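Biologist: I am new to this structure and would like to learn how to read it. Could we take one feature at a time?

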Amino acid sequence: MKKLTLLYPIILYMFFTSCIVVDNTPGTYGRDGKAYFGVDYEHHAPYSYWDNNNAIPNNPILGEYYPTNPGIYDFEYYVNSHDYWYGTYEIWINRGGAGGAHGEPGYDGLDTYLMLICDPNGFHEHGYRLKENEPLIIENKSGKYNYKIMIQKGNILTRPTQQPKYIQN
């Protein structure tokens, strides 16, 4: 009997130390990426620029990215005192990934960048060329580029314009 009473604590100790605890608690989501927007040109600076994005200041520095919120924004830029391009741009953020098993955190979302090139011939990237009175829709959802642009040519006789944020000196 004495042997059994000594054996019980040893058996209980071995039983509890041999148990494997599985923690399937998922980790936290990764941080969402941030969105950045800017205005620039390649061949000739715009005569003026306007948009309804509150994150873009008056007289923005051309070629500079500004942190912005995701959303759909209207824009227009003049190439001279009569002709201009107008449209909308939509910018998204990349969400962070779900956490993994055992408390492993999720991956962080990539930051999103959009630089609107305001040249006299309109937006031109990857062979796009715009025709007068024909809107063009460009969408890119790959990695750090997560945007959609609709752009069309206009002039002061066909459409009223907005008060510009940027005017060429």
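Predicted model: local features only at pLDDT ≥ 70, side-chain atom pairs only at ≥ 80, totals over all residues.

Biologist: How is a pair of aromatic rings described?

Modeller: Two values are used: the distance of the centres and the angle of the planes. This structure holds 7 aromatic pairs. In one of them, F37 and Y89, the ring centres are 4.1 Å apart and the planes are at 5 degrees; planes under 30 degrees apart count as stacked, so this pair is stacked.

Biologist: Where in the chain do F37 and Y89 lie?

Modeller: F37 is in strand β1 (residues 35–40) and Y89 is in strand β5 (residues 83–91). They are 52 residues apart, and the pair links distant parts of the chain.

Biologist: Is F37 buried or exposed?

Modeller: Buried means under 20% relative accessible area. F37 has a value of 0%, so F37 is buried. Y89 also counts as buried, because its relative accessibility is 0%.

Biologist: What describes the pair of Y65 and Y113?

Modeller: That pair is edge-to-face, with 5.1 Å from centre to centre and 75 degrees between the planes. Y65 belongs to strand β3 (residues 65–68) and Y113 to strand β6 (residues 112–117), so the pair ties together parts 48 residues apart in sequence. Y65 has a relative accessible area of 34% and is therefore partly exposed. Y113, at 27%, is partly exposed as well.

Biologist: Which residues form one aromatic cluster?

Modeller: The cluster is made of F37, Y73, F75 and Y89.

Biologist: Now the strand. Which way do the residues of β2 point?

Modeller: In strand β2 (residues 48–51), S48 and W50 point one way, while Y49 and D51 point the other way. All of them are buried.

Biologist: How many bridges join β2 to β4?

Modeller: There are 4 bridges between β2 and strand β4 (residues 71–78), and the two strands run antiparallel. Across from Y49 stands Y77 in β4.

Biologist: Last, T68. Where is the place of T68, and which residues is T68 in contact with?

Modeller: T68 is found in strand β3. With a relative accessibility of 10%, T68 counts as buried, because the value is under 20%. Apart from its neighbours within four places in sequence, T68 is in contact with A35, Y36, F37, N53, A55, Y73 and I91. Among these, F37 and Y73 also belong to the aromatic cluster.

Key. Residues numbered from 1 in each chain as written. Heavy atoms only, no water. Buried < 20%, exposed > 50% of the residue type's maximum accessible area, 1.4 Å probe, protein only. Pairing = 2+ DSSP bridges. Phe/Tyr/Trp six-rings, centres within 6.5 Å; stacked < 30°, edge-to-face > 60°. Contact = heavy atoms within 4.5 Å.
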